[in-house]
Amino acid sequence: MTVVEEAPLEEAFEQTIARNDRIEPRDWMPDDYRKTLIRQIAQHAHSEIIGMQPEGNWITRAPSLRRKAVLLAKVQDEAGHGLYLYSATETLGVSRDDLTRRLLSGTQKYSSIFNYPTLSYADVGTIGWLVDGAAICNQVPLCRTSFGPYGRAMIRVCKEESFHQRQGYELLMTMMRGTDEQRAMVQESVDRFWWPALMMFGPPDGDSPNTERSMTWGIKRHTNDELRQKFVDMTVPQAKALGVTLPDPELRWNDERQAHDFGSPDWEEFWQVVKGNGPCNAQRLAHRQRAYDEGAWVREAAMAYADRQVDENV
Ligand SMILES: [Fe+2]
Ligand SMILES: [Fe+2]
């Protein structure tokens with residue numbers, strides 16, 4: 001298609017964005033908009049699927065039948081989120097198989113948080129409270145994102161994320177009402193996850209080159225730093241109610257800003273984890289590769305079955 005023919009299409013696209021309407025898969029869209037969305041939604045889908053591993057690790061060691069049922073349901077929800085999001089990405093013209101290959105080869109990323117280990121059952125609670133809590137801050141504005149299939153997937157996902165956050169908080173609250181040893185487990189877990197949770201919003205705005213364009217296109221609605229601030233303000237009173245200390249000596253209420261001041265995460269550590277050098281990067285990808293290989297026969301059987309259905313209906 002020539003540039004001359006594209007001009008009215010581009011104008012229609014810009015107008016849709018300006019009206020805060022949705023772009024749908026059948027609509028014309030600039031190549032860079034499509035590429036940005038594929039990168040963002042795929043990264044989100046991969047995070048849901050890889051994110052099953054740190055918690056799945058504790059299913060067989062849950063302390064009671066109730067905790068096991070809750071954790072199983074939560075981890076299954078994350079699989080469902082991954083599937084919605086892979087489907088949304090497929091509407092942009094890429095296949096799920098291709099996306100999986102890009103994840104396994106390291107050309108597409110997933111959230112840095114899932115490269116940290118889960119060392120105690122308190123981590124199940126902390127992940128629900130802080131990691132799903134951060135995910136909610138990130139994802140609620142995405143319900144209004146400009147690409148239709150992504151926004152609609154996020155509406156369903158967010159409903160489940162709020163259950164995840166509550167189950168985590170409830171688990172921690174139960175432990176805080178228990179023994180000194182249990183309280184120490186919770187504090188130790190929060191100490192490990194606080195800074196990585198703040199990193200989930202991505203680098204500071206000054207180091208996030210894609211943010212501005214993503215906001216112009218209505219893909220992102222808030223900057224990384226705005227979302228991080230919102231998360232801190234939301235979490236501080238919850239920490240107080242829980243009786244845990246957030247491991248940041250600079251954390252305090254700023255009356256003038258009507259918001260909390262807080263310290264800066266170790267961004268060097270963040271970039272190391274993104275580059276693949278976090279504590280569990282190799283383990284997470286190796287596990288995903290193994291699951292993919294072991295699932296080959298299921299994919300083949302499903303394809304053979306689908307082909308037979310077509311033959312029988314001809
Ligand atoms: Fe999720
Ligand atoms: Fe979740």
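Select the iron ion (ligand 1) to begin: in this predicted model, its donors (N, O and S atoms within 2.8 Å of the metal, or 3.2 Å for Na, K and Ca, with water not among the atoms, so sites may look incomplete) come from Glu48 (OE), Glu78 (OE), His81 (ND1) and Glu161 (OE), at 2.0 to 2.2 Å. Residues are numbered from 1 along each chain as its sequence is written, and ligands are numbered from 1 in the order in which they are written. Local features need pLDDT of at least 70, side-chain atom pairs count only at pLDDT 80 or more, and side-chain values use heavy atoms, with hydrogens and water left out.

Next, show the iron ion (ligand 2), which lies 3.3 Å from the iron ion (ligand 1), and pick out Glu78, which coordinates both. Then colour helix 2 (residues 31–50), where Glu48 lies, and helix 7 (residues 148–176), where Glu161 lies, so that you can see how the pair ties together parts 113 residues apart in sequence; helices here are DSSP runs of H or I with at least four residues, numbered from the N terminus. Both Glu48 and Glu161 are buried, a word that stands for under 20% relative accessible area, while exposed stands for over 50% and partly exposed for what is in between (1.4 Å probe, protein chains only).

Now move to helix 12 (residues 281–294) and select Asn281, Arg284, Arg288 and Tyr292, which are buried. On the face turned away from the buried side of helix 12, find the exposed residues Ala282 and Glu294.

Conventions
Helices (H or I, at least four residues) and strands (E, at least two) are DSSP runs, numbered from the N terminus.
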